[in-house]
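Hello,

Here is the structure we spoke about. Please have a look at it first; my notes on what was found follow below.

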Amino acid sequence: MTPLLSVQGMTRSYGNHLGCSDVSFDLYPGEVMGIVGESGSGKSTLLNCLAGHLTPDAGSVIYDTRGHGPRDTVTMSEPERRMLGRTDWAFVHQRASDGLRMGVSAGGNVGERLMAIGNRHYGDIRGHAIDWLDRVEIDAGRIDDRPVTFSGGMQQRLQIARNLVTGPRLVFMDEPTGGLDVSVQARLLDLLRGLVRDMGLSAIIVTHDLAVVRLLADRLMVMKSGRVVEHGLTDRVLDDPQHAYTQLLVSSVLQV
Amino acid sequence: MIELRNVSKTFTLHNQGSAVINVLAHVDLDVRPGECVALTGSSGAGKSTLMRMIYGNYMARSGVIRVGGVDLVQAEPREIIRIRRETLGYVSQFLRVVPRVPTLQVVAEPLRAIGAPPDRAEAQARDLLTRLNIPRRLWSLSPTTFSGGEQQRVNIARGFVHPYPALLLDEPTASLDPENRDIVLGLIETAKQRGAAIVGIFHDTDARNRVCDREIDVGRFTPEQAA
Ligand SMILES: Nc1ncnc2c1ncn2[C@@H]1O[C@H](COP(=O)(O)OP(=O)(O)OP(=O)(O)O)[C@@H](O)[C@H]1O
Ligand SMILES: [Mg+2]
């Protein structure tokens, strides 16, 4: 089977400060990978390099595109990369306000991505938007409200709807449940799990919350100081950690 | 169906003076279809550790652990996940579930994961929950607030809803009353008849004698401790 994403030697520093160094892995269709590590360990730098938001110093990100098979997204043209980002890829930001247009209605936020890929039929777009609001458990009656009037959990669910409406195959998530209170997190996790399963999505999730990866991720990569120190099946890494740093990370939380 | 060759297990506690615990060495084990093997031995002998290694949850230090032809020691995560979905069921001692998910869905999930249509998966889940005496009014609730015995039966329902060719059972009857214990032992017997290879830990000797064909004392795999 061809990996959906094949990452080799991903390296990015900020001046003489290291972001991430020599990270390699393959992600297969339908797989969900978690990336954990303390803050500053390079998780978000890596994610942003993978998603094309940051240019890596070295390394390649080979993506199995729908039309043209495996392509290196680091060296492809900017318009091509942007098109991927709007269609086949999705990016869920920690702060919903970074991923939503706060001045546009909820329906507009969802419809915008459809228009960006050439959908022009107003009725269709609105129909899709209503369908997606329902899937993320937002009352269709709120379709004309702007996200500023939504709670944090609702904003995050709207961001997910906006991202998934184009039927992407790969979703990047940066702390998708960060900053939400626990009961809201549980609902969001449950929703994400269902969507990942039903849509057969592949995903890369950066988080510092081990409970989140336990529930969502098939496999787990542990990062420390920009490097991968351990990598494997999620429950194996959490229940039988091999590296000193992973052991510390796991023993520092109560029970996951 | 389940085949272990020269398996060993060591824990290294890096943050506790790099203490090394040698738990198991030279483990050989074969479990054939239709057979139930009991793991016995004193507390701390490594029964659960061995079972978790067969599930791919603990990493073997060396050796081969083959389930349905795949060596779980060398397998990629996605292969282990596939084996767990299709071939290898595990009833752990404690239920671990996603908050908010109703019991019926928790039990139906293994069938949904192999692509069964929702109505068939739910029908089978209902059937097992009924057989295990979980009151119907609890089916729509998350099992997180259930009693110990109820949670255990939900866990068992989950483990038996799909006819796994191989099954791992860690004290499946521990907190059950005699009636429910009998029902669970009946499920195990039925699974054996359809050809499941089973490894079980049973502290209850009568239960063990009723369903198990052989006993393996895990204590015999305790390595010689270097002085
Ligand atoms: N994740 C772990 N990290 C470190 N040591 C572990 C871990 N899991 C088990 N051990 C150690 O391995 C040894 C065997 O434990 P295990 O739980 O397998 O025993 P058991 O035979 O199942 O005992 P019981 O009958 O009490 O359940 C113990 O010394 C235990 O402390
Ligand atoms: Mg035990």
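The contact between the two chains involves 27 residues of chain A and 23 residues of chain B. Please keep in mind that this is a predicted model. Chain A and chain B bury about 2,200 Å² between them, and 51% of that lies on carbon and sulfur atoms.

Three salt bridges link chain A and chain B. One of them pairs Asp235(A) with Arg84(B), with 2.8 Å between the closest N and O atoms. On chain A, the side that touches chain B draws at least two residues from each of H7 (182–199), H8 (210–216), S10 (227–233), H9 (234–239) and H10 (244–251). H7(A) gives the most, with six residues. By class, this side of chain A has 14 charged, eight nonpolar and five polar residues.

Now the ligand. Ligand 1 sits between chains A and B. There are 14 residues around ligand 1, and those that come nearest are Ser43(B), Gly44(B), Lys47(B), Ser48(B) and Thr49(B). The shell consists of seven polar, five nonpolar and two charged residues. In chain B, strand S1 (2–13) and helix H1 (47–54) each supply at least two residues of the shell, and H1(B) gives the most, with three.

- Lys47(B): a side-chain N or O atom is 2.7 Å from a ligand oxygen.
- Gly46(B): a polar backbone atom is 2.9 Å from a ligand oxygen.
- Tyr58(B): a polar side-chain atom is 2.9 Å from a ligand nitrogen.

On its own, ligand 1 has 640 Å² of accessible area, of which the protein covers 68%.

Regards

Methods. Residues are numbered from 1 along each chain as its sequence is written. Chains are lettered from A and ligands numbered from 1 in the order in which they are written. This is a predicted model: local features need pLDDT of at least 70, side-chain atom pairs count only at pLDDT 80 or more; totals for chains, interfaces and linings use all residues. Side-chain values use heavy atoms; hydrogens and water are left out. A residue is near a molecule or strand if one of its heavy atoms lies within 4 Å of it. A polar contact is a pair of N or O atoms within 3.5 Å; within protein, one must be able to donate a hydrogen and the other to accept it, and residues adjacent in sequence count only if both atoms are side-chain atoms. Accessible areas come from the Shrake-Rupley method with a 1.4 Å probe; for residues, only the protein chains shown count as cover. Helices (H or I, at least four residues) and strands (E, at least two) are DSSP runs, numbered from the N terminus. Ala, Val, Leu, Ile, Met, Phe, Trp, Tyr, Cys and Pro count as nonpolar, Asp, Glu, Lys and Arg as charged, and the others, Gly among them, as polar. Contact means heavy atoms within 4.5 Å. Buried area is the accessible area (1.4 Å probe) that two parts lose on being put together, summed over both. A salt bridge is a side-chain nitrogen of Lys or Arg within 4 Å of a carboxyl oxygen of Asp or Glu.
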